[in-house]
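These notebook entries record what I looked up in the structure.

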Amino acid sequence: MSEIIFSFDDKMYKGQHGEPLAAALLRNGLLSITNSTYHGRPRGVVGLGVEEPNALVQLVSGTQESMLPATVIEVAEGLSARSLTGIGALPDAPDEARYDKTNCYVDTLVIGAGLAGLKAAGEELRAGREVLLIDDQPGPGGHLRHLGAGLPSALQDVLAHQNLTYLSRCTATGLYDQNYVIAIERRSDHLGSAAPANRARIRVWHIRAGQIVLTPGAFQRPLIFANNDRPGIMLSHAAATYVTVNGVRIFRTAVVTTVDNQGYRDALRLHNAGVQVQAIYDARPGAKGSSVDAASAAGIPIRFRAAVLDTASNAEGALHSVTIQDLDTKDAFEITADLLAVSGGWTPIVDLATHIGIKPKWSEEHAAFLVNHFTDKLRTAGMLAGDFGGDDDPSVFFGPALDAEQARYAYIDLQRDATLHDLRRGVGAGLSSIEHIKRYTTIGTAHDQGKTSGMLTIGALCQLGDAGQGGKPGLSPADVGTLSFRPPYVPIPFVALAGRERGELSDPIRITPLHQWHVEAGAVFEDVGQWKRPWYFAKPGESMEDAVRRECIAAREGVAVMDASTLGKIDIQGPDAAVFLDRIYTNMFSTLPEGQCRYGLMCKADGIVFDDGVTTRLGKNHFLMTTTTGGAARVLAWLEEWLQTEWPDLKVYCTSVTEHISTIALVGPKSRQLLSELVTDIDLSKDAFPFMHSRMATIDGIPVRIARISFSGELAFEVNAEWGYARYIWERLWALGRSYDLTAYGTETMHVLRAEKGYIIIGQDTDGTQTPHDLNMSWIVSKKKEFIGKRSFQLPYLKATGRPQLVGLLPEDGDEVIPEGAYITALNARPDEHGKIPHTGFVTSSYYSPALGRAFALALVADGLSRMGEMVDVPIGKKLLSATICDAVFIDKENIRRD
Amino acid sequence: MIAKESPLKGMDTGTAAAVTIRELPGLHTIDLRVAPGTEAQAAVAEALGIELPGKPGRIRAVQVLGESEAHALCLAPDWWLIVGYQEAVEKLAPLKNGHHFSVVDVSGQRTTIELEGPNAREVLAHLWEQDLREKSFPAGSVSQGLMAKAPVIVCHIAPSRYRVMVRSSFALHLWKALVDAAEEWN
Amino acid sequence: MLNIPCPHCGLRNETEFHYGAEAGVAYPDPNTLTDSEWAKYLHIRANPKGWLAERWVHFAGCGRWFNLWRNTITHEIGPVYLPFTTQPKMPGNTVQEGPGK
């Protein structure tokens with residue numbers, strides 16, 4: 001231990017490296033640390049760890065994390081913190097500390113490194129298992145640490161065992177089905193300014209354990225009495241620990257109130273440390289055991305059937321005196337004290353067990369809810385299982401009977417300032433379930449989630465009958481039942497859950513082999529699923545509109561080039577490949593000659609269009625399917641589902657080759673001429689290489705497959721090569737293309753070009769409810785064969801009138817590009833009987849067309865195909881645009897340009 | 001012959017004490033699908049002159065004339081990847097008429113990132129949800145899954161040496177994630 | 001997070017799988033069914049509280065479809081079986097674990 005300087009509320013204090021901040025504050029005389037959230041009453045440290053309801057602080061140093069109990073912060077070089085009134089504030093700056101996660105599989109996970117946990121770990125090690133031991137304290141030993149005692153040598157051997165991994169400062173926050181545990185390990189704050197920058201501050205552990213041993217220990221309970229919240233009123237175990245282990249010397253005279261022998265042990269520790277213990281007031285009628293004898297022998301006065309009724313404060317709001325009541329005669333008297341050490345019994349930490357639905361059972365003997373669970377997968381031990389270690393002998397007592405005025409300041413949940421008065425009001429309002437009362441009173445809903453207040457609530461409910469407050473007399477905690485807790489056991493910063501998945505690592509960014517070229521060419525990118533695709537290539541000074549117009553004109557009048565490598569590609573082989581495709585696509589593929597390509601549409605069984613693309617027959621039993629950019633994975637999964645689960649007799653194998661094959665689309669009237677400079681081993685002429693044909697060729701010795709496929713209606717060639725050759729081929733085209741003014745284009749231009757031809761984009765021009773017929777694509781629906789979805793076209797609701805159908809839309813004002821998604825209403829539509837103007841469709845795609853010299857759109861309009869020429873309204877904000885329904889093909893209806 | 005460009009060209013972290021991360025570019029890979037226990041499978045194995053590992057999750061190092069290192073990875077009962085066997089497709093082509101199987105060159109589909117060093121396993125554990133313990137995933141094991149949300153194939157090629165085969169479009173993302181995961185270890 | 005036993009790859013996190021709804025609903029001959037029978041095949045599945053035989057696909061792993069019994073209340077997973085094999089019997093009621101048992 002070394003002495004260091006830290007800052008609290010802008011003042012400098014001395015502390016010991018590694019001790020709890022709460023201890024350092026107390027030693028420096030800060031009995032009152034903050035004011036309570038709602039009642040504004042002065043409050044000080046109450047407990048020892050995560051159960052602390054009062055002493056919340058916000059870090060000023062480092063990450064500025066807030067809502068941290070001073071009991072769990074370790075004093076370290078550079079520590080700076082300030083008090084909170086129970087409401088934290090998020091810092092303005094992002095938290096740039098490192099957070100990460102890891103995955104861990106282990107034979108046995110032991111949660112809690114107290115005596116029971118260490119013992120259990122030892123047994124597991126002897127059985128030959130690998131053990132992960134986690135504990136939220138800075139060191140092992142549990143209560144031994146609070147006594148300042150070292151570990152017995154047998155347990156030191158357990159810790160040193162090669163098959164044991166021990167993680168300190170590691171809190172299990174959730175226990176889930178199948179022995180899955182999430183734990184957070186705090187790894188750097190305790191190192192202070194010495195913490196390496198690359199060290200993760202918090203590591204989230206995802207643990208799968210063969211077996212789990214739960215030995216989480218217990219929290220000491222407070223008692224309910226009037227003004228039980230003053231600074232100077234502490235849990236006895238916490239007070240004795242701060243005094244004896246951390247050298248807190250601020251208390252002169254103490255009163256101990258207890259329901260068990262723990263109070264005697266703590267009284268003795270205080271006494272031995274020089275605090276004058278006025279008396280032990282024990283709610284029980286008598287007590288025996290070595291700790292009672294020892295306290296008695298030390299000369300500490302003991303009075304049975306007595307408890308604290310009320311307290312009074314000094315001018316600073318800290319404890320000054322205590323009113324003691326004789327529980328039998330109800331006589332009361334006052335006694336001065338600056339420390340009231342409260343021992344209300346133990347509350348074993350049942351939280352994790354209840355996460356997976358285990359119901360704790362009330363034990364009258366222990367005055368506590370216990371979990372005795374012993375299966376192959378999960379067992380409990382230590383205090384949770386009822387092993388309280390000594391001669392505790394607690395009584396079931398939560399506080400004396402209080403009148404209405406006393407109840408107003410008898411706190412149950414210190415953090416929420418919720419009192420016995422509030423609880424009585426809840427019961428008076430007719431609530432009886434603990435879960436309802438929790439929500440009515442807010443008890444147990446603060447950062448500590450009822451760690452000390454939960455059991456008090458149950459106890460208070462039981463005593464309401466005795467106090468004549470309308471409760472059920474003779475109610476036992478067993479009848480009330482315990483709260484069920486949900487993860488997380490302690491608050492986890494969101495930033496820790498995000499871990500490394502922030503910024504560019506938050507989601508995969510998929511790129512093509514031409515990505516770097518696009519970056520260097522100044523492309524503006526668009527996210528298409530996880531892919532980064534060039535949206536447009538703006539030249540210096542160009543707006544997006546300028547760039548897209550230039551790119552469109554190049555494609556329609558000269559030659560332009562696009563990276564189409566993101567298309568999904570699936571290799572399909574086998575004797576039944578053609579039969580299979582006939583069943584998958586709405587149109588026929590078995591008739592497709594080798595070396596030719598065909599556009600296909602696939603539906604789900606419900607008749608709804610699902611994906612589309614061009615499939616090429618590479619050989620008799622060999623096809624290459626392309627899918628939409630976003631559809632690659634789900635189409636492959638769809639094919640596999642049918643092959644594996646319905647048609648295992650079909651001899652077909654499907655293999656994803658999306659990233660084996662890159663695709664460059666060369667588009668425009670001059671594309672043939674340019675390509676013929678690069679591809680010299682095949683004839684690219686119209687007659688030798690017809691539309692929708694595919695040919696193998698080479699470019700400088702690189703094998704390529706060239707296909708005459710057009711998504712723009714222009715003469716176009718697709719150059720397919722292995723992924724790693726794409727950059728070379730693109731650069732060659734680019735160099736040769738200089739004399740053609742070759743223009744690179746992005747997805748926006750692609751959209752304009754395809755929409756001008758009325759080519760759909762599934763997911764943009766469809767919304768998951770369209771059949772091919774709705775899309776005016778009846779031509780692609782085979783009548784000769786069976787395929788997935790065909791039967792559904794006969795269903796009445798897919799044949800009904802009023803279905804949205806894909807049409808073109810020409811705004812009256814040719815300069816007005818209608819926003820995509822805009823609703824369409826009938827011309828001059830009037831509100832219906834509900835005062836609403838019914839819409840008749842919506843705009844799916846909308847662009848300015850340089851080829852048309854005007855704006856145009858595609859839209860889904862109710863019965864649109866039979867409403868050609870009809871004028872409709874498109875309300876945009878306060879404006880009302882007019883447009884005319886038209887055919888969805890805007891240019892080259894005769895398909896002349898593609899040759 | 002024009003050289004292929006690998007997805008991680010120019011990426012290099014250098015050698016580190018805890019874990020070295022490097023790309024093994026351009027490993028020739030074929031995807032083989034054939035029903036297990038059939039004549040077709042026997043014919044394929046014979047034509048290749050190798051024995052295919054029979055159990056999903058196993059890697060078999062195979063001797064191929066003219067290749068320094070080749071492996072057969074079993075990914076599913078009827079699915080193998082054969083890495084480092086240039087002539088595999090040619091050797092299998094003649095069998096096509098008599099047997100039903102699928103063989104596809106997928107060399108460009110993925111690239112390989114190798115992690116080597118005493119902490120290779122710990123670095124992987126940050127990103128890999130599967131059990132990497134020696135008893136569950138010894139050297140000679142292969143497994144598919146998601147790493148940093150990217151589909152990958154992880155091979156435990158030798159003690160303290162792992163290979164992550166990643167789809168080419170995801171390669172840079174995964175590289176960054178792995179280098180990031182190694183930050184505290186190196 | 002559920003741990004699901006893939007019959008080929010072993011126990012894996014549920015994030016590697018896709019759910020495929022109720023098992024054992026074969027694709028019927030569409031043309032022999034009335035409209036309402038066809039619509040029922042398309043849209044109606046048993047949704048019991050308790051044990052349900054389900055289809056799953058290990059999409060991020062071996063890519064194989066398989067079936068398993070799963071208890072929709074307790075999340076317990078029962079027998080796993082391959083497509084076109086006999087469906088194992090529905091598992092019995094689960095024993096509530098606790099003291100004294």
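**Entry 1. The order of elements in chain B.** I read chain B along its sequence and noted the pattern β-β-α-β-β-β-α-β-β-α-β-β-β-α. In total, chain B has four helices and ten strands. I record here that the model is a predicted one. I then looked up the radius of gyration of chain B, which is 17 Å, close to the 16 Å that the globule rule gives for 186 residues, so chain B is as compact as a globular protein of that length. Along the principal axes, the C-alpha atoms of chain B fill a box of roughly 55 × 45 × 30 Å.

**Entry 2. Burial and contacts in chain B.** I asked what percentage of the 186 residues of chain B count as buried. The value is 51%. I also looked at contacts in chain B with a separation of 6 or more, and found that 58% of them join residues 24 or more positions apart.

**Entry 3. The domains of chain B.** The domain assignment divides chain B into domain 1 (20-26 + 109-181) and domain 2 (29-105). I noted that domain 1 of chain B is written in two segments. The C-alpha centres of domain 1 and domain 2 of chain B are 23 Å apart. Their contact involves seven residues of domain 1 of chain B and six residues of domain 2 of chain B. Which strand gives the most to the side of domain 1 of chain B that touches domain 2 of chain B? I found that strand 8 (residues 141-147) of chain B does, with four residues. By class, that side of domain 1 of chain B holds two nonpolar, four polar and one charged residues.

**Entry 4. The nonpolar cores.** I looked up the largest nonpolar core and found that it has 181 residues. Those with the most contacts inside this core are A:Leu666, B:Leu73, B:Trp80, B:Leu174 and B:Leu178. Domain 1 (20-26 + 109-181) and domain 2 (29-105) of chain B both give residues to this core, so the core lies between them. A second, separate core has 92 residues, including A:Met234, A:Val248, A:Val259 and A:Val427. As a general remark, nonpolar side chains tend to be buried together in soluble globular proteins.

Leaving aside neighbours within four places in sequence, B:Leu174 is in contact with B:Ile113, B:Met147, B:Ala148, B:Ala150, B:Val152, B:Val164 and B:Val166.

**Entry 5. Chain B against chain A.** I found 36 residues of chain B in contact with 38 residues of chain A. On the side of chain B that touches chain A, the elements giving two or more residues are strand 2 (29-33), strand 6 (102-105), helix 3 (120-127) and helix 4 (171-181) of chain B. Helix 4 of chain B supplies the largest share of that side, five residues. By class, the side of chain B that touches chain A has twelve nonpolar, eleven polar and 13 charged residues.

**Entry 6. Helix 3 of chain B.** How many of the eight residues of helix 3 of chain B are buried? Six are, and the helix is mostly covered. The buried residues of helix 3 of chain B are B:Ala120, B:Val123, B:Leu124, B:Ala125, B:His126 and B:Leu127. I noted that their cover includes strand 8 (99-111) of chain A, together with strand 7 (110-116), strand 8, strand 10 (161-167) and helix 4 of chain B.

**Entry 7. Chain C against chain A.** Here 21 residues of chain C are in contact with 23 residues of chain A. Helix 1 (residues 35-43) of chain C gives the most to the side of chain C that touches chain A, with four residues. I listed that side of chain C by class as 13 nonpolar, five polar and three charged residues.

Entry 8. Strand 11 (residues 170-176) of chain A is mostly covered, with five of its seven residues buried. Strand 11 of chain A pairs with strand 12 (residues 180-186) of chain A in the antiparallel sense over six bridges. A:Gly174 has A:Ile182 in strand 12 of chain A as its bridge partner. This hairpin has three residues between the strands, and A:Gln178 takes a positive phi near 60 degrees.

Strand 20 (residues 319-326) and strand 21 (residues 332-336) of chain A also pair in the antiparallel sense, over five bridges. A:Thr323 has A:Glu334 in strand 21 of chain A as its bridge partner. Five residues lie between strand 20 and strand 21 of chain A in this hairpin, and A:Lys330 in the turn has a positive phi of about 65 degrees.

Definitions and conventions:
Residues are numbered from 1 along each chain as its sequence is written. Chains are lettered from A and ligands numbered from 1 in the order in which they are written. This is a predicted model: local features need pLDDT of at least 70, side-chain atom pairs count only at pLDDT 80 or more; totals for chains, interfaces and linings use all residues. Domain bounds come from an automatic or database domain assignment. Two residues are in contact if their C-beta atoms, placed from the backbone, lie within 7 Å. Ala, Val, Leu, Ile, Met, Phe, Trp, Tyr, Cys and Pro count as nonpolar, Asp, Glu, Lys and Arg as charged, and the others, Gly among them, as polar. A nonpolar core is a set of buried Ala, Val, Leu, Ile, Met, Phe, Trp, Tyr and Cys residues joined through C-beta atoms within 7 Å. A residue is buried if 20 or more other C-beta atoms lie within 10 Å of its own, exposed if 12 or fewer, and partly exposed in between; C-beta atoms are placed from the backbone. The radius of gyration is taken over C-alpha atoms; the globule rule is 2.2 Å times the number of residues to the power 0.38. Two strands pair if DSSP finds at least two bridges between them.
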